[in-house]
Amino acid sequence: MAIKHNQQIQHNHFRKDWQRRVRVHFDQPGRKTRRRTKRHEKAAKVAPRPVDKLRPVVRCPTIKYNRRVRAGRGFTFAELKEAGIPRKLAPTIGISVDPRRQNLSEESLKANVERLKTYKARLVLFPRKAKSPKSGEASVDEMESQRESGHDDKVKRTQKAFPISNKFTIEEGKIADFESEPAAYRKLRDARSEARLVGKREKRAKAKEEEATAQKK
């Protein structure tokens, strides 16, 4: 119960020296500058490669958000296999890999395979030995043209070059213009009842056959 009237405050703890443990953020502008400088240093260090890796398109979890798509952790082995990229090569050429994720639909598999193929088509892979490039690596002429081209042509961030969009188009019209889909719930119930009554129906059909053969005799 709350204390009423002008009484003494019981068990008052007012000598905690809280001023000594206060954390202030006067260094926020300095930190902002430091983070920006580090980003530029990282971009210069990894150039001409992009700063981030290519990530797949995945659906958000739960019914509330599963209409949206976002960037996932990494591509599955099935997606890499369909795109023709070895799983050990993928992390070395800027593609993130997630060995735990599974493809639960054909749509997501096709979308991510197409994303990988688009990335692969734009990829210019410099060879370790310029004189003897391997298959899939850039030739000497391609390397020279990439070096001569300006910084505007190069991809600095993969997210901007391969964006993930949540835009969708709404088709309007009469109900008669759209084909009605078969009732999925009715199908499930029918399949369940058929599976449940298969033994009884077989027994009934067998009894009828025996009865018919008995009448013929």
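Which residue lies over the face of Phe77? The points below answer this and go through the rest of the model.

1. Basis. This is a predicted model, in which local features need pLDDT of at least 70 and side-chain atom pairs count only at pLDDT 80 or more, while totals for chains, interfaces and linings use all residues. Residues are numbered from 1 along each chain as its sequence is written, and side-chain values use heavy atoms, with hydrogens and water left out.

2. Charge over a ring. The residue over the face of Phe77 is Arg87, at 3.8 Å from the ring centre. A charge counts as over a ring if NZ of Lys or CZ of Arg is within 6 Å of the ring centre and within 35 degrees of the ring normal.

3. Overall layout. The chain has 7 helices and 2 strands, in the order α-β-α-β-α-α-α-α-α from the N terminus. Its radius of gyration is 33 Å, well over the 17 Å that the globule rule gives for 217 residues, so the chain is more spread out than a compact globule. The radius is taken over C-alpha atoms, and the rule is 2.2 Å times the number of residues to the power 0.38. Along the principal axes, the C-alpha trace spans about 105 × 90 × 45 Å. Helices (H or I, at least four residues) and strands (E, at least two) are DSSP runs, numbered from the N terminus.

4. Burial. Of the 217 residues in the chain, 15% are buried. Buried means under 20% relative accessible area, exposed over 50%, and partly exposed in between (1.4 Å probe, protein chains only).

5. Salt bridge between Arg101 and Glu79. The structure holds 4 salt bridges, each defined as a side-chain nitrogen of Lys or Arg within 4 Å of a carboxyl oxygen of Asp or Glu. In one of them, the closest N and O atoms of Arg101 and Glu79 are 2.9 Å apart. This pair links distant parts of the chain, 22 residues apart: Arg101 is in the loop between α3 (77-83) and α4 (106-122), and Glu79 is in helix α3. Arg101 is buried at 18% relative accessible area, and Glu79 is buried at 0%.

6. Because they are 4 residues apart in helix α7 (residues 184-216), about one helical turn separates them. Asp190 is partly exposed at 34%, as is Arg186 at 46%.

7. Salt bridge between Asp17 and Arg20. Here the N to O distance is 2.8 Å. Asp17 is partly exposed, with 39% relative accessibility, whereas Arg20 is exposed at 63%.

8. Nonpolar patch. Trp18, Val22, Val24 and Phe26 make a nonpolar surface patch of about 470 Å². Trp18 lies in the segment before α1 (28-46) and is exposed, with a relative accessible area of 55%. Patches are made of residues with over 30% relative accessible area and no salt bridge; like charges are joined within 9 Å, and nonpolar side chains (Val, Leu, Ile, Met, Phe, Trp, Tyr) within 5 Å. Accessible areas come from the Shrake-Rupley method with a 1.4 Å probe, and for residues only the protein chains shown count as cover.

9. A loop residue. Ala176 sits in the loop between α6 (158-161) and α7 and is exposed, at 73% relative accessible area. From C-alpha to C-alpha, Ala176 and Val51 are 51 Å apart in space, and they are 125 residues apart in sequence.
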